[in-house]
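Hello,

Here is the structure I promised to pass on to you. Have a look at it first, and then read on for what turned up.

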Amino acid sequence: MATKKEKKSAFAWEGVNRKGQKVKGEMTGQNGAIVKALLRKQGVTPTKVRKIAQPLFAFGGGKKKVKPSDIAFFIRQMATMIKAGVPLVQSFDIVADGIDNLTMKEVVYGLRDYVSAGNDFATALKQYPQYFDDLTCNLVESGEQSGALETMLDRVANYKEKTELLKAKIKKGMMYPIITLTVAMVVTAILLIKVVPTFKEMFDSFNAELPAPTQFVLYLSEGAQAYWMPVLGLLIGIGVAFSQSMKRSPAFKDNFERFALKLPVFGDLIQKAAVARYARVLSTTFAAGVPLVEALESVAGAVGNVVYRQAVLRIRDEVSSGQQMHFAMRSTGVFPNMVVQMTSIGEESGALDQMLDKAATYFENQVDDAVDNMTTLMEPFIMAFLGVVIGGLIIAMYLPVFQMGQAV
């Protein structure tokens, strides 16, 4: 029966090692007594142990959310330390010293304490499932069992870094138009609510019929002043409802992911990203010696789209029944012919992991090019939109002034 874990705190300690040298450092534990016991187990006689006070407000290097990039950095550093021959427990201390995020630092110290207590690295990672997925834990466990932990950590680090790079490319393509259009909407709202009413007071003094564009903008301004709070509340409500539905409703999330693949510009980008993830994860797991059927199960959870997830599960079922993988891939109808052909060559030559790695690199470059092209293509449309909306508002407001000038 699982018991509730006690909250760990960070402690600063000083002591003397077996050689009589003074040493100091930081360690996490439930209390000072446990920290002292762990230090003695490591051959250190503690002379001072004190709890590190946590700041009320964390700035700069304070407590932050642990990001996937933090995990990728940690694994890369651990791979470097172990490859250099540094003992595992000491590697944790060295890596932790270079981490500014206190939350991540506590995770590293927690891993060190767990390993110091006699557990293996993979078991320690499994204590933090919110940060280390099953794929990472399984690959590290495979590396420990085969005696090639440094090699396996290097592969995991490569996989994590390339995955994060792919995510960053996709976010780059998505965020540019979203931010630009959001700014345009905010500027338009400010003009309608704050600026246009000032012009309306001036127009009322003209006692003349206003041009149609100006009247239309004034009507929009009146509506915006009267209903901007309900509209804002509605937009926020829609955003929250969408976010919660994506988190809590698998059916809603699956339907949205299917719809996203059909979008004119973004759909192609999502497809290429899913294929890149498929090839990258399968290459990493297969090269690590994971059986193909088990590797495909890991891939299914990493492709990031329900259409490709279901396709990978179908491939797994067909491969487990004796079908060659490239035939199974072709039957799904969602993988490009190039990937299918490279998979076929890899199966025939016995170099499936290498061919998949080349396919992953190719499609990652395709995603990068697609993002750049999409940004280049959308820039004129966005500029035209901004010119029509904001420029149209300004022109409509100055039309009566121009007419007055001509009359005079």
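The largest pocket holds about 1500 Å³ of space. Please keep in mind that this is a predicted model. Of the 40 residues that line the largest pocket, Lys167, Lys171, Glu257, Arg277 and Gly304 are the closest to its centre. Several helices take part: α2 (68-83), α6, α7, α8 (212-248), α9 (250-261) and α10 are the elements that give two or more residues to the lining. The largest share, eight residues, comes from α7. As for the make-up of the lining of the largest pocket, 23 residues are nonpolar, six are polar and 11 are charged.

Next, the salt bridges. The count comes to 15 salt bridges. One of them joins the side chains of lysine 160 and aspartate 133, at 3.4 Å from N to O. This pair links distant parts of the chain, 27 residues apart: lysine 160 sits in helix α7 (residues 149-204), and aspartate 133 in the loop between α5 (121-125) and α6 (134-146). Lysine 160 counts as buried because its relative accessible area is 12%, under the 20% limit. Aspartate 133 has a relative accessibility of 30%, so it counts as partly exposed.

Another salt bridge brings together the side chains of glutamate 364 and arginine 280, with 3.1 Å from N to O. Here, too, distant parts of the chain are linked: glutamate 364 belongs to helix α15 (residues 352-407) and arginine 280 to helix α10 (residues 266-287), 84 residues apart. Are these two partners buried or exposed? Glutamate 364 is buried at 9% relative accessibility, and arginine 280 is buried with a relative accessible area of 4%.

The side chains of arginine 314 and glutamate 318 form a salt bridge of 3.4 Å, N to O. Both residues lie in helix α12 (residues 306-320), four residues apart, which is about one turn of the helix. Arginine 314 is partly exposed, with a relative accessible area of 40%.

Three strands make an open sheet in the order β2-β1-β3, with antiparallel pairing. Its edge strands, β2 (22-29) and β3 (45-51), each pair on one side only. On average, neighbouring strands of this sheet are turned by 25° against each other, direction ignored.

Strand β1 (residues 9-16) is joined to β3 by six bridges and to β2 by eight bridges. Glutamate 14 shows both sides of this arrangement: its bridge partner in β3 is lysine 48, and its bridge partner in β2 is lysine 24. Valine 16, for its part, stands opposite threonine 45 in β3. Six of the eight residues of β1 are buried, so this strand is largely enclosed by the rest of the structure. The hairpin of β1 and β2 has five residues between the strands, and glycine 20 takes a positive phi near 80° in it.

Best wishes

Methods: Residues numbered from 1 in each chain as written. Predicted model: local features only at pLDDT ≥ 70, side-chain atom pairs only at ≥ 80, totals over all residues. Heavy atoms only, no water. Salt bridge = Lys/Arg side-chain N within 4 Å of Asp/Glu carboxyl O. Buried < 20%, exposed > 50% of the residue type's maximum accessible area, 1.4 Å probe, protein only. 1 Å grid on protein atoms, 1.4 Å probe; cavity = no way out; pocket = protein on both sides within 12 Å on 5 of 7 lines; lining within 4 Å. Points joined across faces, edges and corners; volume = space filled by probe spheres on them. Nonpolar A, V, L, I, M, F, W, Y, C, P; charged D, E, K, R; others polar. Pairing = 2+ DSSP bridges. Axes fitted to C-alpha atoms, helices over the stretch in contact; angles between N-to-C directions.
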